[in-house]
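Welcome! Take a look at the model below, and then read on.

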Amino acid sequence: MKTLSRQQFLSYTASAGAAMLLSSLEGFATGGPAKKIRVAIIGCGSVSNRYIPHLQGSSQVEIVALCDIRRERAVKHLETYNLGKMPVYGSVDELLAGVPFDMMVTLTDMQVHGELNKKALLAGRHVWSEKPMANTYAEGKALYDLAGSKGLKIWGAPAVVNSPQFEFMAGLVRDGKLGRIASAHGQYGHTGPGWSGFFYEKGGGSMPDLGVYNMATLTGLLGPARAVMAMTSIVNPERTVDDKGKIKVEAEDNAHILLEHDKGVISHIMCGFNYFDPHGHEAGAQSLHSIQVFGDQGNMRLVGYDWESNGVYLDNSWTEPPVLHVKDSKGYQWQEGATKVAGALATGVSPRINALHALHVLEIIEAARASSDTGRKIQLESSFPWPMITVTNKQA
Ligand SMILES: NC(=O)c1ccc[n+]([C@@H]2O[C@H](COP(=O)([O-])OP(=O)(O)OC[C@H]3O[C@@H](n4cnc5c(N)ncnc54)[C@H](O)[C@@H]3O)[C@@H](O)[C@H]2O)c1
């Protein structure tokens with residue numbers, strides 16, 4: 001099997017992104033002359049190479065400006081993505097004072113998301129933010145309230161609840177196909193990003209970068225968590241990264257988190273930057289069951305990552321072997337969040353992605369750190385509308 005390093009993966013996705021995207025968006029119905037949402041992208045690093053082609057494939061989106069404190073990165077994107085002569089800015093203040101737009105897509109270092117998102121909201125712009133929406137739950141909640149007070153929207157990654165595999169699993173839970181749910185497990189790790197130091201600095205870490213996916217999936221499936229207990233650690237105290245050379249690791253690169261849900265359900269997530277995984281970000285061949293949910297009449301195991309899955313095994317028979325369902329992702333792509341919420345703004349139809357869910361996950365991350373520091377169980381105050389799906393699950 002062919003394996004790609006993280007760096008190879010990213011350069012591959014930069015060039016192949018546009019082609020991959022066209023097929024993924026064929027089902028993106030428009031139904032008449034839709035309003036176009038004018039989007040500005042702030043942060044033109046690695047992940048922007050996945051977002052830009054996806055946004056470009058939507059008839060409801062027009063990218064109108066790019067911004068990066070390393071301005072040359074934004075300038076390079078103009079050519080790479082055939083963006084013509086659109087304005088390019090070197091700071092958020094210039095961006096917000098520049099060409100008009102409707103929604104800012106925040107793809108910068110995690111540590112500055114909160115302050116950039118606040119500026120955008122204050123300037124009357126909707127926001128899609130890569131994770132996390134802010135550095136703390138309180139900061140994120142204040143942004144959510146600010147958006148509400150101004151008639152604006154803010155949403156945060158990830159978009160895992162959009163996948164058909166999530167929908168299938170949520171349908172099994174809702175329809176009682178697993179019986180009484182007891183326990184669940186999620187895991188996501190690799191050997192860590194090598195290009196930017198912020199992943200390892202205070203405010204970074206494996207929970208907001210990786211664990212966040214499993215937290216969104218498991219709370220999305222099992223409902224809001226009421227309390228958290230966790231242990232986190234730093235396994236590798238020093239890293240060498242492209243932008244800063246040798247750095248000290250300040251944020252957890254290893255974490256185990258226990259979530260207490262309603263009705264006695266307990267879930268567990270482990271994530272880290274020191275997990276050997278030959279698949280890395282070549283998710284297509286990944287066979288690991290990264291999400292597992294057990295009830296007293298059945299269990300389900302998600303094959304591959306929750307952000308790019310290869311199906312869901314349902315095992316609910318004493319006599320028959322487990323059956324693999326939902327092998328086709330039906331156009332879902334993990335980088336689709338900004339495109340989908342722009343579509344929601346254009347049509348007025350609420351997306352499944354919910355900002356309160358992203359905020360809940362942010363509170364879990366903060367609570368996990370507090371639990372690890374103090375050895376205590378931390379009660380959570382946030383919640384979100386649950387269940388997250390309404391359709392009937394016909395396949396099981
Ligand atoms: N790289 C991925 O595969 C990936 C996947 C999913 C999510 N993410 C998330 O996307 C975000 C960005 O990650 P990345 O890997 O693209 O990082 P990156 O370091 O490659 O890119 C970040 C970019 O933001 C710019 N930037 C930093 N501060 C800024 C500011 N104040 N104003 C304008 N620009 C600023 C940097 O100059 C850099 O070009 C993170 O939240 C990360 O967790 C990344």
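A residue is called buried when its relative accessible area is under 20%, and exposed when that value is over 50%. Keep in mind that this is a predicted model.

**A histidine to begin with**

With that cut-off in hand, is His126 buried or exposed? His126 counts as buried, because its relative accessibility is 16% and the limit is 20%. You can find His126 in strand β5, which covers residues 126-129. Setting aside neighbours within four places in sequence, His126 is in contact with Asp102, Met103, Met104, Gly151, Leu152, Lys153 and Leu345.

**Helix α6 and its surroundings**

Which residues of α6 are buried? They are Tyr137, Gly140, Leu143, Leu146 and Ala147. These buried residues pack against α5 (113-122), β6 (154-156) and α10 (355-374).

Helix α10 is also the place of Ala355. With a relative accessible area of 5%, Ala355 is buried. Not counting residues up to four places away in sequence, Ala355 touches Met133, Tyr144, Ile154 and Trp155. Ala355 and Trp128 are 227 residues apart along the chain, yet their C-alpha atoms are separated by 9.6 Å.

**The nonpolar cores**

Trp128 turns up again in the largest nonpolar core, which has 90 residues. Leu66, Met103, Trp128, Ile257 and Val293 are the members that touch the most others. Helix α8 (residues 206-222) gives this core its largest share, nine residues. Apart from this core lies another one, of 26 residues, including Val127, Leu143, Leu146 and Leu359.

What does Leu66 touch, beyond its neighbours within four places in sequence? Its contacts are Ile41, Cys44, Ile52, Ala74, His77, Leu78, Leu83, Met86, Pro87, Val88 and Tyr89.

**Around the ligand**

Now let us turn to the ligand. It is surrounded by 26 residues, and the closest are Ser46, Val47, Asp68, Arg73 and Ser196.

| Residue | Atom on the protein side | Distance to a ligand oxygen |
|---|---|---|
| Val47 | backbone N or O atom | 2.8 Å |
| Arg70 | polar side-chain atom | 3.3 Å |
| Ser196 | side-chain N or O atom | 2.5 Å |

How much of the ligand does the protein cover? On its own the ligand has 830 Å² of accessible area, and the protein covers 95% of it.

**A buried aspartate in a loop**

Asp277 sits in the loop between β12 (266-272) and β13 (291-295). Its relative accessible area is 17%, so Asp277 is buried. The side chains of Asp277 and Tyr305 are joined by a polar contact of 2.5 Å. Leaving aside neighbours within four places in sequence, Asp277 is in contact with Gly189 and Gln286 as well as Tyr305.

Most residues other than glycine have a negative phi, and most peptide bonds are trans. Where does the backbone of this model depart from that pattern? Two residues other than glycine and two peptide bonds are described here.

Asn82 has a positive phi, near 55 degrees. Its place is the loop between α3 (71-80) and β3 (88-89), and Asn82 is exposed, with a relative accessible area of 70%. Val326 also has a positive phi, near 50 degrees. This valine lies in the loop between β16 (323-325) and α9 (337-347).

As for the peptide bonds, the one from Ala157 to Pro158 is cis, with omega near 5 degrees. Pro158 is found in the loop between β6 and α7 (164-174). The bond from Trp386 to Pro387 is cis too, with omega near 5 degrees, and Pro387 belongs to the segment after β17 (378-379).

Notes. Residues numbered from 1 in each chain as written. Predicted model: local features only at pLDDT ≥ 70, side-chain atom pairs only at ≥ 80, totals over all residues. Heavy atoms only, no water. Buried < 20%, exposed > 50% of the residue type's maximum accessible area, 1.4 Å probe, protein only. Helix = DSSP H or I, 4+ residues; strand = E, 2+ residues; numbered from the N terminus. Contact = heavy atoms within 4.5 Å. Core = buried A, V, L, I, M, F, W, Y, C linked by side-chain atoms within 4.5 Å. Near = heavy atom within 4 Å. Polar contact = N/O pair within 3.5 Å; in protein donor to acceptor, adjacent residues only side chain to side chain. Areas by Shrake-Rupley, 256 points an atom, 1.4 Å probe, with all protein chains shown as cover.
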